[in-house]
Each structure stands twice: as structure tokens, then as C-alpha cells.
Amino acid sequence: MIHPLPDIMLEPLVRAGLLEDLGRAGDLTTDAVIVDGDAVVSAVLAARQDGVIAGLDMARLSFALMDPRIVFEPHVRDGQAVTRGARLATVRGPARGILSGERVGLNFLSHLSGIATATAQLVELVRPYRASITCTRKTMPGLRAIQKYAVRAGGGSNHRFGLDDAILIKDNHIAFAGGITPAVERARRAAGHLVRIELEVDTLAQLREGLETGGVDVFLLDNMPPDVLREAVRLVDGRAVTEASGGITPQTVTAVAQAGVDLISLGWLTHTVRVMDIGLDYQP
């Protein structure tokens with residue numbers, strides 16, 4: 001079960017989206033077409049394809065911020081798999097507020113549900129193996145918290161949330177530091193007792209050097225084919241967590257999992273995933 005994020009984290013994002021959409025003159029179309037400002041209507045948020053839902057609270061807030069009289073009644077919960085045609089929520093209240101808040105709410109809900117759906121598909125593909133599916137820091141600026149929330153809703157786990165909650169030594173850090181050994185040694189001296197150190201390696205030779213240096217909690221095995229990943233897992237031999245990353249797709253993820261890695265990280269889960277098709281249908 002996914003624990004929802006508090007409204008205080010979500011409201012600024014939804015508010016910014018509504019302000020962007022309303023611009024300088026408000027909703028010209030709705031104001032012109034809906035003459036009766038007190039007209040009350042009912043509409044249903046419906047799934048137009050199979051998927052896993054995430055972002056219902058974002059949709060709820062998009063209507064509530066437009067008009068607090070709007071009632072949002074969810075019929076499913078975040079993290080729940082639905083089929084095409086499923087009723088996700090009923091929205092009742094003043095027509096103007098519903099129409100003006102519709103697009104922002106659907107944008108958030110469709111995007112986050114797309115992430116949750118893609119994550120769930122990958123989780124299912126690797127279910128027979130030890131590997132967990134995780135995201136990366138390749139998120140859209142300002143949306144990291146909710147995009148990573150959507151990954152959790154799909155059954156995945158989260159990588160670090162920012163630069164400040166773990167040390168991840170990548171290729172440029174190694175190049176600027178003059179090698180793996182000095183980079184890891186400096187990181188080990190600087191890290192607090194609760195900060196984990198991860199080292200990105202591209203080859204088995206780099207992995208061996210990292211193992212010899214010691215002090216590495218996680219090895220990021222970057223762009224390694226399955227046979228090399230299998231040998232990397234053998235070399236690590238449980239002394240650290242192994243994470244496969246780089247160019248992994250639904251077509252290749254099973255072979256990567258079969259290599260025995262602990263984690264499989266995919267940046268596209270948050271930066272290029274396809275939205276889930278969700279619509280708002282008027283109920284006469």
C-alpha cells in the first residue's frame with residue numbers, strides 16, 4: 001500500500017499549474033460559455049486504457065483550488081491496477097470550477113499514472129528474481145517528489161532524492177579526482193556514519209579496484225551486458241549492493257535481472273515515460 005504525500009507538498013505544484021493555465025485573464029472559454037456561475041454538474045474521471053493509478057490527490061486539489069465547493073469522490077486508490085473504462089473518481093460541483101481545473105488535474109494524474117504503470121510492468125517482469133526496480137535523479141525539475149512517489153505507487157523503490165542524501169561517485173568525479181582509489185578514499189573520509197557511498201564502474205577492472213580500495217556500499221554497474229553483469233555479481237560476492245543501469249528496456253530487463261543484481265535503475269521511468277490515457281466525462 002502506498003502512503004500518500006501530504007497536501008502541503010502537493011498544493012504548491014497544483015497551484016503553480018493552475019496559475020500558469022489561467023494566465024492573466026482566467027478561463028475565457030468557460031466564462032463565456034457557462035453563463036450561470038452557480039450551475040452544478042457531475043463528471044467522472046475514467047481510465048481509457050489499462051494501468052496503475054497515481055496522482056489522485058493532485059487531481060482532487062486542482063478542483064478544490066478552483067472552487068472549494070467541488071466534491072471529489074475517489075473510487076480507486078493510488079497504486080491500484082485498473083482496466084480500461086474504470087471509474088476513477090466522481091467530481092460534483094460548480095461547472096466553471098470543474099472545467100477550469102480539469103486539464104491541470106488530468107495532466108498530473110495521467111503523467112504520474114504513466115510512471116506507475118511502466119514501473120509496475122517492469123516489477124512484474126523481474127518478479128521471479130532478486131532485483132528491485134528503482135528510479136534515478138533524472139526527474140523533471142520541481143516534480144521529483146511526486147515522480148518518485150509514482151514509482152513507489154507502481155511497486156518500485158527510490159534511488160537517492162538529491163545530491164545531499166548519499167555519495168555517488170560517477171565517471172567525471174573519478175576523472176577529476178585522478179582515479180577510483182583517491183575518489184573513494186576522499187569520499188570515505190568525508191562521509192558521515194549514516195551516508196552510504198556508491199561507486200559507478202564501467203568495467204570489471206574498475207570494479208576490482210573499487211573492491212580492493214574498500215569502503216564502497218553500492219556498485220553501480222553501468223552499461224554492462226548480462227554476461228559481464230553476472231561476473232560482476234560473482235566478484236562482489238555479497239560484499240556490497242549491486243545496481244545495474246544504462247540503456248535497460250522492458251525487452252532487456254529480464255536478462256539483466258537474471259544476472260543476479262540487487263537493483264535495476266532506469267532514468268526513463270521519470271523523464272520520458274508515456275502518459276496514461278485518462279479523461280473527464282460529463283454525466284448528464
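This is a predicted model: local features need pLDDT of at least 70, side-chain atom pairs count only at pLDDT 80 or more; totals for chains, interfaces and linings use all residues.
Me: Which residues does the UniProt annotation "domain: Quinolinate phosphoribosyl transferase N-terminal" cover?

Reply: That annotation, from an unreviewed UniProt entry, covers residues 27-113; such annotations may be inferred rather than shown by experiment, and positions are in the numbering used here, with feature names shortened. Residues are numbered from 1 along each chain as its sequence is written.

Me: OK, helices next. Which residues of helix 1 are buried?

Reply: First, the general idea: an α-helix has 3.6 residues a turn, so residues three or four places apart point the same way. Here, the buried ones in helix 1 are Leu10, Val14, Gly17 and Leu18 (buried is under 20% relative accessible area, exposed over 50%, partly exposed in between, with a 1.4 Å probe and protein chains only; helices are DSSP runs of H or I, at least four residues, and strands runs of E, at least two, numbered from the N terminus). Looking down the axis of helix 1, they fall within an arc of 95° (using directions from the axis to the C-beta atoms), so they line one face. Turned away from that buried side are the exposed Ile8, Leu19 and Glu20.

Me: And how do I read an aromatic pair?

Reply: You describe it by the distance of the centres and the angle of the planes. The whole structure has one such pair: Phe63 and Phe72 have ring centres 6.3 Å apart and planes at 25°, so they're stacked (Phe, Tyr and Trp rings, six-membered for Trp, pair with centres within 6.5 Å; planes under 30 degrees apart are stacked, over 60 edge-to-face, the rest tilted). Both Phe63 and Phe72 are buried.

How values were computed. Side-chain values use heavy atoms; hydrogens and water are left out.
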